[in-house]
Amino acid sequence: MRQITSINADWIFIKENISADNAMTANGDKVNIPHTWNNLDGQDGGGDYIRDKFWYRKELNIEIKENKKYFIEFEGVSCIANVYVNNTHVGEHIGGFSTFRFDITNQLKNGQNTILVQADNTVNQKTYPQVADFTFFGGIYRNVNIIEVADTHFDLEYCGAPGIQVTPVLNENGTCDINVKSFVSNIVNNLTVKYSIYDAENNLVLEDTPSNMTETNLTMENPHLWNGIEDPYLYRAVATLYLNDVAIDEVSANFGVRSFEVDPNKGFILNGKPYSLRGVSRHQDREDMGWALTTKEHDEDMELIREVGANTIRLAHYQHDQYFYDLCDKYGMVVWAEIPFISVFMNTEEAKQDTLNQMKELIVQNYNHPSICFWGVSNEITMKGDKDEALIENLNAVNDLAHSLDKTRKTTVANLCILDPASPAATYPDIIAYNHYFGWYMGELTQNEDWIDDYHRRFPDRCLGISEYGAEGILKWHSDDPKVKDYSEEYHALYHEHMAKIFDERPFLWATYVWNMFDFAADNRDEGGVQGRNNKGLITYDRKIKKDAFYIYQAYWATKPMVHICGRRYVNRAHEATTVKVYSNLNSVTLLVNGEEFKTLEGNKIFIFENVPLALGENTISVKAGDLTDEIKLNRIEEATDEYVLKDTAAGGNVENWIDITTGNMLEFPEGYFSIKDTFGNIFENEAAKEVALKALEELNENAEGIPMTEEMLDMASTMTLMSILNFMGIKCDNPQVAKLNEQLNKIQK
Ligand code: GCB
């Protein structure tokens, strides 16, 4: 039987870009895997974290056995790995997120061996991601194993796949056809494969030793369904390989029996019943650790996602750790899994091959997970335009590959908000989704539902989801009158109150995903007074604090009763009377001030207590709802201070969006007159302004490096400012044509 041995411990990390020969003897630091060299510089801002080629070396003492094969297995090395055993190059793997293995039998010797790995996260044109809003941590950041197997064994060399593939198909009469395949390497005479299916209590329920050893078709009469978070029931398929009736290898996979459909009007349907997918996106990093996580951090993330009440996760923007997909199976999360075909298209043959490889590895390595229902092909890949034929060809090639490898799941895409709905880049997969930030980067909050309803009306046959939506919420900043771009915890909460409600009212949306469950590292960012971080999480980067917005989702999604008082970090208030907001999924909430009952409100999710009196100094505000209580301390001060207000918005605040590199500083924006800071909607209401804008855009379209604007797009983008549109077109505000356009608009009175 195979032996899998972890070799995570005791590596030497050599932080030098040197030759393999020199790395064999160079000094370095003792580290354990998982490891990254960017855990600190990748999160501190400035966009200057080290992207380089560094070395890991390990002395491996091994007792070599006769007639055995030895593989080295990496579960994730960012982003390109070159592996050497005893000074011989055994292979290169491109792509930072998947499992890969090399057969090292011929290089290993009995006793002492040296394993050398170069991890490379340098800028290149061959593997995605290269441009994206997150840090690309370098290193061997997931487990490394040595696998010892019999000469004949279940395959270990096909794209990191597990060697067993289970396809359960639920029939209308309630029975389930289960096809199990296994892949054997080095076939000899007298081999058989026994397939066994066990239920969750480990009872053997089906068994077969087919004459065709590579596959079996079994029927389960009365399967227990994998039914999302309510009942994520798992079976286990085991394939055992026998040589002359002696078991020599075994592989197994958990699987679930479920059916799903996606309908343009009914949304997601699980096992025949409507099941609205409402959830969050997750990145795989953590404060001070980067991507080098252990199962402890994965477990904690899953616990928090369960606690908020989500039933779906978008595992953005790349393949996550196998362990996390296992957790999703176990806890019933429906998963959107994706590859990092993101932001800016690289028109090279190597990059195209990389998208195909990453999709192939994602699918073959994760095929058995019942949680996964969607393969995400690309995310905002049209940032620099959607007209390149090579891009469309690449998207279709990846989409076709996904279909050919997996007939049981849907392909999907996260479209850039302003992508023309008619663009072939918007519609190529089975079901589609858009990233929308109305109420943060652009426009008004209510434009979210306007856009969604309009799209649904115009394209009633398309299955529409919202792949991302969010706003920044930083715990230092607070406001009684929260406004977009003030970065306050209160605006963040207000934004999500709105979004939770409109999604609740629109079951036709097949899925919606909060961007993001957790704050994450984006070393290029300098936002809201915080360096190197995207602060859109419902929970902080260290996972220690749940922002108020976390609880509005809990109120909407979780079935367990909850009550939460908002504003606990907005402690010092110069208010004789203040407003206290409470979230609960119960319908009656009683507020107490310093132990005295103040008021009971009946309501739905959000309870706003006005004119709550505060005594000078510390006050205890508490609530009761059913059997539950919550309590916060507020401190009434004599005079208002500005301690909670982000002052220097120029230093990081008020960015149009994260790719907005323009400033517009040299342009004028006179009160009462039009400018490029106006939205298309407003400009279109004024005939003169409309004429000027359309004429200028026609000219600008000709030399747009980014996305040229069609009329259809302008219509869909009516809530965006002209400035943001120019940005998407790849046109800088220091372009003289833009200055001319702005000047012309400045002459037209509103
Ligand atoms: C997006 C991207 C995501 C960013 C997010 C943001 O549309 O897909 O990677 O992090 O916006 O926060 O700007």
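1. Let me begin with T294, which lies in the loop between β27 (277-282) and α2 (295-308). Helices (H or I, at least four residues) and strands (E, at least two) are DSSP runs, numbered from the N terminus. T294 is partly exposed, with a relative accessible area of 35%; buried means under 20%, exposed over 50%, and partly exposed in between, with a 1.4 Å probe and protein chains only. The side chains of T294 and E297 are joined by a polar contact of 2.6 Å. A polar contact is a pair of N or O atoms within 3.5 Å; within protein, one must be able to donate a hydrogen and the other to accept it, and residues adjacent in sequence count only if both atoms are side-chain atoms. T294 is also 9.4 Å from Y141, C-alpha to C-alpha, although 153 residues separate the two in sequence.

2. A word on the basis of these notes: this is a predicted model, in which local features need pLDDT of at least 70 and side-chain atom pairs count only at pLDDT 80 or more, while totals for chains, interfaces and linings use all residues. Residues are numbered from 1 along each chain as its sequence is written, and side-chain values use heavy atoms, with hydrogens and water left out.

3. Another loop residue to look at is D321, found between β28 (312-315) and α3 (322-331). D321 is buried, at 9% relative accessible area, and its side chain makes a polar contact of 3.5 Å with the side chain of H298.

4. Turning to the rings, Y141 belongs to one aromatic cluster together with F97, F134, F136, F137, W291 and Y318. The structure holds 38 aromatic pairs. Rings of Phe, Tyr and Trp (its six-membered ring) pair if their centres lie within 6.5 Å; planes under 30 degrees apart count as stacked, over 60 as edge-to-face and the rest as tilted.

5. Which parts of the chain does the pair of W55 and Y84 tie together? W55 lies in strand β4 (residues 53-62) and Y84 in strand β7 (residues 80-85), so the pair joins parts that are 29 residues apart in sequence. The ring centres of W55 and Y84 are 5.7 Å apart and the planes are at 55°, so this pair is tilted. W55 is buried at 1% relative accessible area, and Y84 counts as buried at 16%.

6. F374 and W510 make another tilted pair, because their planes are at 55°, with the ring centres 4.6 Å apart. This pair links distant parts of the chain, 136 residues apart: F374 is in strand β30 (residues 372-379) and W510 in the loop between α8 (489-504) and β34 (511-514). F374 is buried at 0% relative accessibility, and W510 is buried at 0% as well.

7. Please also check two charges that sit over rings (NZ of Lys or CZ of Arg within 6 Å of the ring centre and within 35 degrees of the ring normal). The charged end of R543 is 3.9 Å from the ring centre of F518, and that of R409 is 5.5 Å from the ring centre of Y367.

8. Finally, the ligand: polar side-chain atoms lie 2.4 Å from a ligand oxygen atom for Y441, 2.5 Å for K536 and 2.8 Å for N534.
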